[in-house]
Amino acid sequence: MKPKPPIPIMAGVTVTTTLAVLLLAPAWAAAPNTGAAPLAADAAGKSATLPAQSPHWVWVNDFVFPHMVSGKALLVDGDNGHFLGELDTGFGSMRVVLSNDNRVIYSPETYFSRGTRGQRTDVVTLYDPGSLSAVGEIIIPPKRSSNMPMMSNAILTDDGRFLLIYNFTPAQSITVVDTKSRTFVGEVETSGCALSYPTGARTFFSICADGALLHTTLDDTGHVKSSERTDPLFDVDHDPVTEKGVRVGDTWYFVSFAGTLYPVKNAGGKLELQKTWPLMSAAEKSQGWRPGGLQQLAAHAGLNRLYSIMHTGGPETHKDPGKEVWVYDLARQARIQKISMKNDSGSIQVTRDSHPLLFSAFIESNVLDVYDAVSGNLLRSVADIGTTPTVLVTP
C-alpha cells in the first residue's frame, strides 16, 4: 500500500516537519533567559507569622462550586491588595467567624471519610490568626446546613461566649458551641425558623416562614432559658424580605425583594418593627431598580450608613448582581450617594474603622474590588482571589 503523504497543517509545514522541529529544539528555547537570578530553595519546616491584624483586612470566603469538597477562606490586605494567606475549610464551606478579641478564627466545617462520600463529621476548627494553623477542633452534630453562604449561618453572641451554627436536615435547629470551654453545648429547636441574628450576650432571633421572628434567650450554660415568637412582621406572600440582614447597634435591617427597608429593634428584650421606608423613589421603582446580590447589604455604625447593591430587573432578581451601590443615611432615611462599580457586585462589606473601605466581589468572578467607602473612589482591583467568592468578612 502506498504510504499517505504528511498532513499539511499550514502552508509549507507538515506534521512531520513540526515534530522534527520540536524534537530538535534546544531546552533553552522553551525557557528564555530573563537575566533574573534563580530563586533559592525554600527551607523545609519553616512557617511565617502574619503581622498584627489590620482593620482593612478582609476574608474572602469561597464555596468553590466546581469542587465543593475543598472550600477556602482567603485573606487579603485591602490597603495594598496583597494576598496574605488562606484556610482550607472543607465541604460546603460557609464562612469563617472572627472572635471578638481577634485571638481565634472559628470555622464550621464538614468532612467525609471517603472524600465525597462515607461517614460525615462536622467540626468547628479553631485557627490561630497569626500562623493560620489549626490549634483545636470541636466535634458538633453532623447536620450543619450547606445552603448558599450567608453571614447568619454561623455567628457569635454579642459577648463572644457562644457560637451559633444553623442546622438543616430538613428539620431546623441551632447548634450552640461554648467558646470558653471549647465544647458542644446542645441544640436549640427552631421549627420553621432559620438562621441566627444576635440581639445581646445571651439572645438571638431566627426568621420564621410566616414572617414572624423567634426570639431565644440562653442561660449562662448555653441552654435555652426562654423563647418568644412575634406576630408576623414581614409580608411573605406579596413582598418577602431577604435573610441578608445587617446590624447597627440594637437594630437589624432587612430589605424586601421590592426594596422596602424593615428595621427590627431590640427594645428592652422585645423585638419591635420600626417604621419601614423605601430605598428607591417611585420613579426609580418604575424603572425597575431594586436591591440584589448574595451579600447585598453592608453597614457602618460610626457613619450610620447603609450600603445596598442595586440593579434593574424583575421581582425574581433579588439575587442578581448590580453595577451600583447606593448609600443611605439611616438617621435621615435618605440616599446620600451612588457608587458606580467597576465590575458586577454580588457581595459587599465595609470595614468598621474611621477610614472605611468598601469591598466588592461576585461569585462568577475572582476579582476583589476595593473602594473608599466615603468617597466611593475605586482604590484597586485584586485579581485571582479564589474560584467562586461568596461572603466577605472583616475584623
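In this predicted model, Thr 216 touches Val 188, Arg 202, Thr 203, Phe 204, Val 224, Ser 226 and Ser 227, leaving aside residues up to four places away in sequence. Thr 216 itself belongs to strand E16, which runs over residues 213–218. With a relative accessible area of 1%, under the 20% cut-off, Thr 216 counts as buried. Ser 196 is 20 residues away from Thr 216 along the chain, and the C-alpha atoms of the two are separated by 9.7 Å.

Buried or exposed, then, is Phe 234? Its relative accessibility comes to 5%, so Phe 234 counts as buried. Apart from residues up to four places away in sequence, Phe 234 touches Asp 210, Gly 211, Leu 213, Val 241, Phe 254, Tyr 262 and Val 264. Met 148 is 86 residues from Phe 234 along the chain, with 22 Å separating their C-alpha atoms.

Next up is the disulfide. How many disulfides does a search of the whole structure find? The search turns up one, and the bond joins Cys 193 to Cys 208 with an S to S distance of 2.0 Å. The pair ties together distant parts of the chain, 15 residues apart: Cys 193 is in strand E14 (residues 193–198), while Cys 208 is in strand E15 (residues 203–208).

Leu 195 is buried, as its relative accessible area is 6%. Arg 182 likewise is not a glycine and has a positive phi, here about 60°. Arg 182 lies in the loop between E12 and strand E13 (183–189), and with a relative accessible area of 39% it is partly exposed. Pro 170 is found in the loop between strand E11 (162–168) and strand E12 (172–178). For context, most residues other than glycine have a negative phi, and most peptide bonds are trans.

On to one of the sheets. Strands E6, E7, E8 and E9 line up in that order to form an open sheet, with antiparallel pairing. Which strands are at the edges? They are strand E6 (97–98) and strand E9 (134–140), each of which pairs on one side only. Strand E8, covering residues 120–127, pairs with E9 in the antiparallel sense over six bridges. Along this pairing, Tyr 127 stands opposite Ala 134 of E9.

Thr 125 is part of strand E8 too. Its relative accessible area is 5%, so Thr 125 is buried. The side chain of Thr 125 makes a polar contact, at 2.7 Å, with the side chain of Glu 109. Not counting residues up to four places away in sequence, Thr 125 touches Ile 105, Tyr 106, Ser 107, Glu 109, Ala 134 and Gly 136.

The largest pocket holds about 1000 Å³ of space. Its lining is made up of 41 residues, and those nearest the centre are Met 151, Ile 155, Arg 247, Trp 252 and Arg 352. Elements giving two or more residues to this lining are E6, strand E10 (154–156), E14, strand E18 (246–248), strand E24 (297–300), strand E28 (347–350) and strand E32 (389–393). Which element gives the largest share of the lining? That is E24, with four residues.

About 50 Å³ of space lies in the largest cavity. Lining this cavity are Leu 50, Gln 53, Trp 57, Trp 59, Leu 75, Ile 105, Pro 129 and Leu 132. Of these, Ile 105 has already come up as one of the residues touched by Thr 125.

How values were computed
Residues are numbered from 1 along each chain as its sequence is written. This is a predicted model: local features need pLDDT of at least 70, side-chain atom pairs count only at pLDDT 80 or more; totals for chains, interfaces and linings use all residues. Side-chain values use heavy atoms; hydrogens and water are left out. Two strands pair if DSSP finds at least two bridges between them. Buried means under 20% relative accessible area, exposed over 50%, partly exposed in between (1.4 Å probe, protein chains only). A polar contact is a pair of N or O atoms within 3.5 Å; within protein, one must be able to donate a hydrogen and the other to accept it, and residues adjacent in sequence count only if both atoms are side-chain atoms. Contact means heavy atoms within 4.5 Å. A disulfide is a pair of cysteine sulfur atoms within 2.5 Å. On a 1 Å grid over the protein atoms alone, a cavity is a set of points where a 1.4 Å probe fits but cannot get out, and a pocket is an open set with protein on both sides within 12 Å along at least five of seven lines; lining residues have an atom within 4 Å of a point. Grid points are joined across faces, edges and corners, and a volume is the space filled by probe spheres set on the points.
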